[in-house]
Amino acid sequence: MSDYRSLDAQYFMPAFSRTMMIRRGKGCTVWDDDGKEYLDLVAGIAVCSTGHCHDHVVSAICRQAHELIHCSNLYYVPGQAEFAERLAKLTQLSTIFCSNSGAEANDAALKLARLATKRNEAVAFTHGFHGRTIGSLAVTHKPAIREPFGPLEPKCSFVEYGDLDGLRATVNSSTAAVLLEPIQGEAGVIIPPEGFIEGVREICDEKGALLIADEVQTGMGRTGTWLAMHQTKVMPDIVSLAKGIGSGFPMGAIAARDGLAFKKSEHGSTFAGGPLAMAAAMATIDVIEPILPGIAAKGERFASKLAKWNPRVRGLMIGISVGEQCPRVQSRCAELGVLVNCAGDGNLRLVPPLIISDAEIDRAAGVVNEVLTEVLN
């Protein structure tokens with residue numbers, strides 16, 4: 001085995017902080033390069049929705065790889081039309097365009113909004129995260145990752161998450177779109193106040209701006225419905241998706257309401273919506289469909305087991321305020337065989353595979369309870 005740590009230090013740009021290599025995964029379990037086993041509540045940051053290496057997904061990718069790996073969008077792509085139809089029906093929207101990531105999906109959503117409104121500015125929310133490409137970074141709030149790359153386009157104003165009065169005062173005749181996470185994921189599973197999302201829709205309608213729902217983390221069943229927006233009375237104009245859409249195969253997509261679509265040559269991508277991505281996505285939907293009705297109950301089980309810590313829970317998206325001790329909690333949980341993640345502002349985030357069993361929930365919650373008691377008391 002190569003000395004990957006030395007090679008990484010010498011040749012790979014040091015953009016990430018990491019302490020272990022995940023060598024293998026199956027279901028909700030992963031193993032590191034020393035063979036240690038972990039129950040994975042990170043799931044590639046809400047990516048491995050069907051667990052690691054689900055047989056149905058693996059088989060679909062392998063079958064397609066034997067037939068055609070790539071052909072480009074110069075031609076009709078196997079499975080692409082069928083996937084578009086299926087995703088449109090699941091999201092209750094009309095048209096689909098594929099991308100390679102969530103950041104690219106948000107870039108596409110912004111482009112489509114600017115085309116449709118003939119406006120060129122955006123409004124987003126404090127602590128929101130929409131990606132790291134130049135376009136998606138412009139609407140991502142965290143100054144430490146945004147400001148070194150300015151000036152950025154589109155011009156974006158930020159409003160406190162939950163502040164409808166501030167939003168109404170900020171959206172104007174130059175605003176093409178308001179970007180909204182139905183639940184803020186990177187911020188630590190922050191759930192908006194009651195009526196907030198409905199208020200955002202109302203303001204967008206008043207001001208002629210489009211509403212873009214960033215469901216990169218909340219979508220594809222993560223919160224117990226195909227979209228978190230389906231738990232509100234609001235239908236967005238555009239939805240961005242990625243993460244759990246392909247069970248770990250890198251892809252994303254936007255879904256838009258009737259009347260919103262790129263025309264010829266207004267957008268494109270060499271790799272997006274390729275044959276392997278379509279096979280992975282269709283197989284992922286196959287797996288999620290029958291388990292979707294039970295996801296809310298799994299979240300409730302986590303909420304009950306972790307009640308002492310006042311968790312914020314929507315389906316299998318769980319956040320707990322820990323504070324500056326969060327890195328210690330993350331490290332200690334790993335020592336005890338459970339992988340968790342520190343999101344923003346000292347918030348512990350649990351986003352396990354949607355296939356997690358009751359027994360695995362109980363085991364995971366037991367370790368998290370033990371560590372939080374040890375560290376915080």
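I take helices as DSSP runs of H or I with at least four residues, numbered from the N terminus. The model is predicted.

**Entry 1: Thr91**

I looked up Thr91 and found it in helix 4, residues 80-91. Is Thr91 buried or exposed? Buried means under 20% relative accessible area. Thr91 has 2% relative accessibility, so I log it as buried.

Next I checked its side chain. A polar atom there lies 2.8 Å from the backbone oxygen of Leu87. The backbone oxygen of Ala88 is 3.3 Å from a polar atom of the Thr91 side chain. An α-helix has 3.6 residues a turn, so residues three or four places apart point the same way.

Leaving out residues up to four places away in sequence, I list Leu227, His230, Met235, Leu241 and Ala255 as touching Thr91.

**Entry 2: helix 5**

I moved on to helix 5, residues 102-117. I compared its length with expectation: 16 residues at 1.5 Å each should span 22 Å, and the end C-alpha atoms are 22 Å apart, so the two agree.

Ser101 caps the N-terminal end, with a side-chain oxygen 3.1 Å from the backbone nitrogen of Glu104. Just after the helix, Lys118 has a positive phi of about 60°. Buried residues of helix 5 include Gly102, Asn106, Asp107, Leu110 and Thr117.

**Entry 3: second largest pocket**

I noted a volume of about 290 Å³ for the second largest pocket. It is lined by 15 residues, and Glu194, Ile197, Gln231, Thr232 and Arg314 are the closest to its centre. I sorted the lining into 8 nonpolar, 3 polar and 4 charged residues. Which helix gives the largest share of the lining? Helix 9, residues 196-207, does, with 3 residues.

Notes. Residues numbered from 1 in each chain as written. Predicted model: local features only at pLDDT ≥ 70, side-chain atom pairs only at ≥ 80, totals over all residues. Heavy atoms only, no water. 1 Å grid on protein atoms, 1.4 Å probe; cavity = no way out; pocket = protein on both sides within 12 Å on 5 of 7 lines; lining within 4 Å. Points joined across faces, edges and corners; volume = space filled by probe spheres on them. Helix = DSSP H or I, 4+ residues; strand = E, 2+ residues; numbered from the N terminus. Nonpolar A, V, L, I, M, F, W, Y, C, P; charged D, E, K, R; others polar. Expected span 1.5 Å × (residues − 1). Buried < 20%, exposed > 50% of the residue type's maximum accessible area, 1.4 Å probe, protein only. Polar contact = N/O pair within 3.5 Å; in protein donor to acceptor, adjacent residues only side chain to side chain. Contact = heavy atoms within 4.5 Å.
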